[in-house]
2 protein chains.
Amino acid sequence: MNEFELIQHFFTRSACAQGGENILLGIGDDCALLQIPAGQSCAVSTDTLVSGIHFPEQAPAFLLGQRALAVAVSDLAAMGATPVGFTLAITLPQIDTPWLQAFSEGLSAMALQCGIALIGGDTTRGPLAITVTVMGAVPQSRALLRSGARVGDVLCVSGALGAAGAAVPYVVGERDVHSLPERVQQQLLAAYWTPQPQLELGRYLLGKAHAALDISDGLLADCGHIAKASGVSLQIQQTQVPVASAAEQVLDAHAALQSALSGGDDYQLAFTLPASAVAQVQHDFPAVRVIGQVCSGSGVHLVNAAGQSVAALRRGYQHFE
Amino acid sequence: MNEFELIQHFFTRSACAQGGENILLGIGDDCALLQIPAGQSCAVSTDTLVSGIHFPEQAPAFLLGQRALAVAVSDLAAMGATPVGFTLAITLPQIDTPWLQAFSEGLSAMALQCGIALIGGDTTRGPLAITVTVMGAVPQSRALLRSGARVGDVLCVSGALGAAGAAVPYVVGERDVHSLPERVQQQLLAAYWTPQPQLELGRYLLGKAHAALDISDGLLADCGHIAKASGVSLQIQQTQVPVASAAEQVLDAHAALQSALSGGDDYQLAFTLPASAVAQVQHDFPAVRVIGQVCSGSGVHLVNAAGQSVAALRRGYQHFE
């Protein structure tokens with residue numbers, strides 16, 4: 001089977017390459033063609049996962065397919081965009097048919113869940129790496145940016161944090177996941193491998209939130225991006241940060257909190273909006289929690305219940321550090 | 001310098017990240033935002049270059065930056081699309097400031113030449129690889145596809161072929177480029193490292209050509225894509241294929257022809273159109289050559305001056321073979 005037949009077989013025929021109402025032309029020509037609806041802009045984001053850096057070399061292919069797409073689509077959610085299509089650039093050390101089959105099934109499962117279609121890509125030989133570029137549509141001039149936070153806004157997160165970070169030692173094999181109760185195993189591994197892009201919430205927040213992003217590097221690190229882009233400071237009340245129960249099951253309270261603050265990989269949204277809007281948002285999305293507020297100044301400041309500053313620890317994963 | 005500062009420094013501030021009239025939001029948020037003009041579709045293509053597979057590990061960074069973007073933009077040219085923006089996913093083994101500086105300058109040089117802006121991407125650690133995803137705009141329902149060739153059309157190429165293929169032994173160091181006259185060195189290396197996306201011709205062919213693609217894998221292999229997608233056969237007259245003079249300078253006549261037929265990497269366009277349109281096209285684009293015709297049947301058939309079938313040799317580079 002040569003390169004072209006490989007692409008043909010595994011990706012053109014995969015479930016995620018079928019349909020998509022805004023896909024005018026899918027895989028198989030020099031370019032794919034998308035229709036961005038009138039009055040909307042095209043939102044674009046690219047994410048790369050490298051074997052041995054972003055996932056273990058022996059990662060299950062189905063889960064890897066799910067995660068590679070989910071982390072990219074999460075960026076569309078953070079802008080309030082509706083997914084349209086994605087390209088997949090995959091570099092493989094060799095052809096491994098069962099691996100490719102499982103990978104494409106995982107990719108398709110997440111694509112169908114997110115309503116996004118595979119429209120093209122490139123298959124190359126080399127060390128295993130996956131680059132996904134997602135495209136979505138968002139109403140013109142209404143996208144959720146990092147730069148819109150206003151002094152007086154409250155800071156919210158879309159759900160509990162820390163489970164994905166707590167899962168990492170089990171994912172990479174430093175700890176034996178089978179030593180855990182089955183329910184905890186499932187919660188932890190799902191948090192890491194199948195993050196749920198907050199698409200519904202992102203669209204809901206259009207016209208409501210002043211700033212938003214998805215938490216990929218860790219709450220503190222990512223809130224730092226909002227603070228910097230908006231020219232404000234963010235005060236986070238440590239006791240209000242919702243810690244995932246799966247993290248609390250495998251870590252002591254301090255370590256679970258640290259995972260929630262800095263672990264990353266949860267792909268929940270952090271956003272700011274007027275305090276007056278919170279009640280309705282929490283009614284419609286009960287998992288949303290207020291964790292702090294937007295102040296003048298700069299940086300991210302963690303405070304305890306008494307309002308005293310607390311030293312933040314590690315501020316999220318950064319390559320090359 | 002951490003990952004974020006790295007991206008900030010080398011790419012956000014690079015010349016190619018500035019401006020772009022259809023760029024509503026560039027690098028720095030969860031997504032970039034593009035404006036696709038009313039009445040146009042968004043054309044998308046992704047290409048990956050892997051170190052040691054698609055370019056030598058010691059490739060000059062400036063030239064690599066130029067080439068990585070050019071080969072991707074060439075796919076926009078092949079559809080008749082106008083470039084808008086691109087994302088860059090680059091995986092690096094370590095931070096090498098002079099290398100990154102030279103790479104971003106090469107990337108910017110090609111971006112400015114093509115009128116396309118860097119809008120985002122991802123910088124990761126790992127074996128050197130570069131994935132570029134380009135987006136362009138093309139009038140709705142008018143894009144040049146592979147599938148539109150009609151029996152009776154003539155088959156054309158946009159210019160001479162074979163120089164990039166002839167350059168490969170010099171690029172990878174199998175042969176010493178300094179043994180060649182300086183003019184030939186320059187022609188050969190330019191053909192490989194700085195292919196010129198045929199954007200002006202692609203746009204010109206909208207409404208004129210019935211089918212088009214860019215020649216990346218080799219003339220015979222790529223014409224096979226047109227034949228298959230269109231449900232026709234293509235007859236190519238071997239004596240009409242324009243062979244690049246740089247190829248003829250370093251190869252014997254037979255080998256130079258083989259490079260033109262199968263070498264790939266030239267990024268000229270192959271296209272079909274009614275014979276009645278050829279004179280005007282050649283008047284406006286004098287490098288265009290008629291090399292064959294579209295017939296019923298299937299496959300690509302090479303014939304000699306007497307119209308006799310000639311066995312084709314290697315049909316272009318395919319990964320994994």
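This is a predicted model: local features need pLDDT of at least 70, side-chain atom pairs count only at pLDDT 80 or more; totals for chains, interfaces and linings use all residues.
View 1. Within the pair, A:Ala32 stands opposite B:Val44 of strand 3 of chain B.

View 2. Follow the six strands in the order 5(A)-4(A)-6(A)-3(A)-2(B)-1(B), and you have walked across an open sheet with mixed pairing. Strand 5 (117-125) of chain A and strand 1 (23-25) of chain B stand at the edges; each has a single partner strand, so one side of each is left without a neighbour in the sheet. From one strand to the next, the twist averages 25 degrees.

**View 3. Helix 2 of chain A on its strands.** Helix 2 of chain A lies across strand 3, strand 4 and strand 6 (129-139) of chain A. Relative to strand 6 of chain A, helix 2 of chain A runs at about 25 degrees.

**View 4. Where the two domains of chain A touch.** The domain assignment divides chain A into domain 1 (3-139) and domain 2 (146-310). Taken over C-alpha atoms, the centres of the two domains of chain A are separated by 26 Å. Contacts link 17 residues of domain 1 of chain A with 19 residues of domain 2 of chain A. On the domain 1 side, the elements giving two or more residues are helix 2 (61-79) and strand 4 (82-92) of chain A. Helix 2 of chain A supplies the largest share of that side, 11 residues. Sorted by class, the domain 1 side has 11 nonpolar, four polar and two charged residues.

**View 5. Helix 2 against helix 3 in chain B.** Helix 2 (residues 61-79) and helix 3 (residues 97-114) of chain B pack at an angle of about 35 degrees, and their axes are 6 Å apart. The crossing of these two helices of chain B is right-handed. Residues to look for on helix 2 of chain B include B:Phe62, B:Leu69 and B:Val73, while those on helix 3 of chain B include B:Trp99, B:Phe103 and B:Met110. The residues of this helix contact divide into 16 nonpolar, four polar and one charged.

**View 6. The whole boundary between chain A and chain B.** In this interface, 54 residues of chain B are in contact with 54 residues of chain A. Among the elements of chain B that give two or more residues are helix 1 (3-12), strand 2 (32-34), helix 2 and strand 8 (211-214). Strand 3 of chain B gives the most, with nine residues. The chain B side has 28 nonpolar, 16 polar and 10 charged residues.

View 7. A rotation of 180 degrees, with 0.0 Å of shift along its axis, superposes chain B on chain A with an RMSD of 0.0 Å. That is the relation of a two-fold axis. Of the interface residues of chain B, 100% are also interface residues in chain A, so the copies meet through the same surface.

Technical notes
Residues are numbered from 1 along each chain as its sequence is written. Chains are lettered from A and ligands numbered from 1 in the order in which they are written. Domain bounds come from an automatic or database domain assignment. Two residues are in contact if their C-beta atoms, placed from the backbone, lie within 7 Å. Helices (H or I, at least four residues) and strands (E, at least two) are DSSP runs, numbered from the N terminus. Ala, Val, Leu, Ile, Met, Phe, Trp, Tyr, Cys and Pro count as nonpolar, Asp, Glu, Lys and Arg as charged, and the others, Gly among them, as polar. Axes are lines fitted to C-alpha atoms, for helices over the stretch in contact, and angles run from 0 to 180 degrees between N-to-C directions. A crossing is left-handed if the near helix is turned anticlockwise from the far one by less than a right angle, and right-handed if clockwise. Two strands pair if DSSP finds at least two bridges between them. Copies are superposed by least squares on the C-alpha atoms of residues with pLDDT of at least 70 in both.
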